[in-house]
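Reader: Could we go through how the helices pack in this model? Please bring up the structure before we start.

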Amino acid sequence: GAGVRPDVSKAIALFKKGAAKGDALSLLGLWQANRQGKHAVKDDKESAKLAASALAALQQEAQAGSHVAQRALADLYRDGAGVEKDEAEAEKLYEASAAQGNVVAANALGLLNVKGRDLANVQIKSEGGTTAGIGKAVGNTMGSSLSWVGAKIFGGAEGEASGDEAKASEWFEKAALQGYGPAQRNLGVMYLNGWGVERDDV
């Protein structure tokens, strides 16, 4: 938990209160907790009913223009969770959400367009010569403030990229300009490697 101790029972109780009022994100939280084995509902029949309710509520709120619901529903289509996997539908929903300023959706759009690039596991070399995965470096409190000082990409992810890297960089930049940390990191990786942008090692 961020600022509080994790308490699954309390989380489920709160989700159930929101779900009883038809809140889409509460239904989604309850369903996801159940999928993670937290036993939010008693049996498979109740689980299927919960999944259907969560999906219907999300679709309704997304259609009504909720950028939060659009982004959450896009996640489900991207991952094939409770629905048939459909990246085209996910991209459409992310774009609708991002157009309203949702930085998480904008970052997700960037990630959809860098297929073949594992941004979290690109290796970096600091001025001192030590190496670390970017995900680990920025996850560390000290590393998050120091990891990009003099850092140089020396090894990329395996495989050829198959997405639109220029488009990815544009979405990362939209989110990064609003201060969203993961997008700032991802955009940094793009620049250091020259993926979709002109490489800049400075």
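Reader: How do α6 and α9 pack?

Author: The axes of helix α6 (residues 103-112) and helix α9 (residues 165-176) come within 7 Å and cross at roughly 160°. Axes here are lines fitted to C-alpha atoms, for helices over the stretch in contact, and angles run from 0 to 180 degrees between N-to-C directions. Helices are DSSP runs (H or I, at least four residues), numbered from the N terminus. α6 and α9 are therefore roughly antiparallel to each other, a label for angles over 145 degrees.

Reader: Which residues make the contact?

Author: On α6 they are V103, A106, N107, L109, G110 and L111, and on α9 they are A168, W171, F172 and A175; contact means heavy atoms within 4.5 Å. These divide into eight nonpolar, two polar and no charged residues. Ala, Val, Leu, Ile, Met, Phe, Trp, Tyr, Cys and Pro count as nonpolar, Asp, Glu, Lys and Arg as charged, and the others, Gly among them, as polar.

Reader: What is the basis of the model and its values?

Author: This is a predicted model, in which local features need pLDDT of at least 70 and side-chain atom pairs count only at pLDDT 80 or more, while totals for chains, interfaces and linings use all residues. Residues are numbered from 1 along each chain as its sequence is written, and side-chain values use heavy atoms, with hydrogens and water left out.

Reader: At what angle do α1 and α2 pack?

Author: The angle is about 140°, with the axes 7 Å apart. α1 and α2 are therefore oblique to each other. I12, F15, K16, G18 and A19 in α1 meet S26, L27, G29, L30 and A33 in α2. By class, that contact has six nonpolar, three polar and one charged residues.

Reader: Changing topic, which residues touch the most other members of the largest nonpolar core?

Author: They are W31, L58, L73, L76, Y94 and M190, in a core of 47 residues. A nonpolar core is a set of buried Ala, Val, Leu, Ile, Met, Phe, Trp, Tyr and Cys residues joined through side-chain atoms within 4.5 Å. Buried means under 20% relative accessible area, with a 1.4 Å probe and protein chains only.

Reader: Which helix gives the most to this core?

Author: α3 does, with seven residues.

Reader: And S97, is that residue buried or exposed?

Author: S97 counts as buried, at 0% relative accessibility. S97 is found in helix α5. Leaving aside neighbours within four places in sequence, S97 is in contact with H67, Q70, R71, N102 and A105. S97 and R71 are 26 residues apart in sequence and 5.9 Å apart in space, C-alpha to C-alpha.

Note on methods:
Helix = DSSP H or I, 4+ residues; strand = E, 2+ residues; numbered from the N terminus. Parallel < 35°, antiparallel > 145°, perpendicular 65-115°, else oblique. Buried < 20%, exposed > 50% of the residue type's maximum accessible area, 1.4 Å probe, protein only.
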